[in-house]
Amino acid sequence: MDQSDIRSDEQDQEITAGDTTHGGSEGAPEQPVSTFVPDSQSRGAAASGLGEEEHAGSVSYGGSDDDDEDDDDEEYSTSYSSDGGSASYYSPDDEEEEPAEPTFEFDIENDEIPSFGSLLAVRAPLYANQRAHDVFRRHVEGMATTGDAGRRRGLGFWLLGRYEDAAAALESYADDDVASYTRARALMSLGRPGDAVEIFGRLANKYQDEPRPRGDMLDAKLDHDLSKGDVEAAVAALEADLGKYGEMLSDSAEGRYLRGRVAELSGDYQEALEQFQAGRAADPTHRRNLFRLAYLSERTGQEALALDAYETLAMMLPVDRAVMINLGVLYEDMGRDSEAASCYDTITRTDPTDRFARLYLEDAKAGMEMYYDEDLEKKEDRLNQILRIPITDFELSVRARNCLNKMDIMTLGDLVKKTESELLSYKNFGETSLTEIKEILASKGLRLGMAREEAVASIAKARNAQEGRDLDPNDPRNKPIGDLKLSIRARRTVENLGCLTLGDVTQHSEEELLGMPNFGVTSLLELRNRLAEYNLALKGE
């Protein structure tokens, strides 16, 4: 499955390692990664009705399976301030007081479980204390396997994130709606959407006024169709289903999320982001919607939006491994290495054998110790802006654009990493499309098959050759574009064109600028006036 199909599981479900944006092994099931946090830092809300749910809380992740109850209770937390402040974690050595006795009041054998939402209400507190979590785990493992106890045992396995055990234990309780819905959710977490479709469909027909079961069914069906490798057919099927059930889903979070998936898979990323944001407004706790919003925002260069969505996901119990990896990588890209290290540390404390997380952690620690050259960092970031230019900014044939979208090639940086043979091996991508691509790259001093570092160096070399002048600081053409003090819209446009200096801007014509998204006559006049202050003009003027 290609990168465009990377997805978070529905609401509270964990993402398989193969579905993470960065790293992971294809198809490996993911257990909830938890850093246990004090009860005072976690919160959850009950909900009634099949599938109605709410989530909230601090970052948590499943602890060790150590059976020794006499071991000291370990508590770690990763916290994020609402304004993106420093992340921190603490260990038992930081605390002088004796750890409190575990308090988890839910009785899996006797308490009523009237809905799936009632399970969600107790899941967050379960991850608030490692010892309480281990006591609950041992209790569930010792329950009877038949009758009502067997059903409750299966629900307990789902609470613990043991989805294989939950799916197997609940299989014989098809007449119980809560057990059936929980089993379908476990199957989705296991990457078995085809098995979940029938269950969700049956519940959707029974609860026709509830958007969630129908939304879950369409979501599972989409995942199943995508697994067959035909993205266009999967999108067409979902569009047909939305035409049939769209009024039922209306403006619900499920409906917005599914419309966002259609737009994303069709290459309309702006529409997809708008739908995901509307879905977030309808239900701020919809995990799959939040993950798509975070992932696509990052891929399209909207780091602030991606950071906000990832940090929101990182505050939901239990937190997904994919979220912590992606958030850590985003922090590193922003130069916030200590916070990145905290994310990776959260995972390695839970699973010391996680090789990818340990590698990321070592890199982040090394970044914290490196000498920071601010001028060099700014220069490299400006050069990298060229590699972040979206493919959609260029005039391409429909065939070439569709092929690149299916290959998850969204920016120039994605494109230069591909070789000619890789592109030509893709269905419907021929010599004509290849020629288009090569011309685009050549205009930026790039070529296919370049490593990212080589591409950055090539951009700098091409720029200097094009200028044909010494970098005289008194030459206004060498001044950074920041000196123009442009509006956000105008500045973003010239940056997307790869302009680093005023001289770079003068290499572009009025026609080129007006052909850029969201750049109109007002922005053009603004840019002309600012250039005129330095006795400069656009190309051809």
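A disulfide here is a pair of cysteine sulfur atoms within 2.5 Å. The model is predicted: local features need pLDDT of at least 70, side-chain atom pairs count only at pLDDT 80 or more, and totals for chains, interfaces and linings use all residues. Residues are numbered from 1 along each chain as its sequence is written, and side-chain values use heavy atoms, with hydrogens and water left out.

**Exercise 1.** How many disulfides does the structure hold?

*Solution.* Start with the cysteine sulfur pairs: the structure holds 0 disulfides. Cys 343 has 0% relative accessibility, so it counts as buried (under 20% relative accessible area, with exposed over 50% and partly exposed in between; 1.4 Å probe, protein chains only). Cys 403 is buried too, at 4%.

**Exercise 2.** Find the residues with the most contacts inside the largest nonpolar core.

*Solution.* First, the term: such a core is a set of buried Ala, Val, Leu, Ile, Met, Phe, Trp, Tyr and Cys residues joined through side-chain atoms within 4.5 Å. The largest one has 92 residues, and Phe 136, Trp 158, Tyr 310 and Tyr 344 have the most contacts inside it. Its largest share, 8 residues, comes from helix H13 (residues 321-333); helices are DSSP runs (H or I, at least four residues), numbered from the N terminus. A second, separate core of 22 residues includes Leu 404 and Ile 437.

**Exercise 3.** Is Ser 523 buried or exposed?

*Solution.* Begin with its place: Ser 523 lies in helix H25 (residues 521-532). Its relative accessible area is 7%, so Ser 523 is buried. Finally, leaving aside residues up to four places away in sequence, Ser 523 touches Arg 489 and Ala 490 (contact means heavy atoms within 4.5 Å).

Notes
Helices (H or I, at least four residues) and strands (E, at least two) are DSSP runs, numbered from the N terminus.
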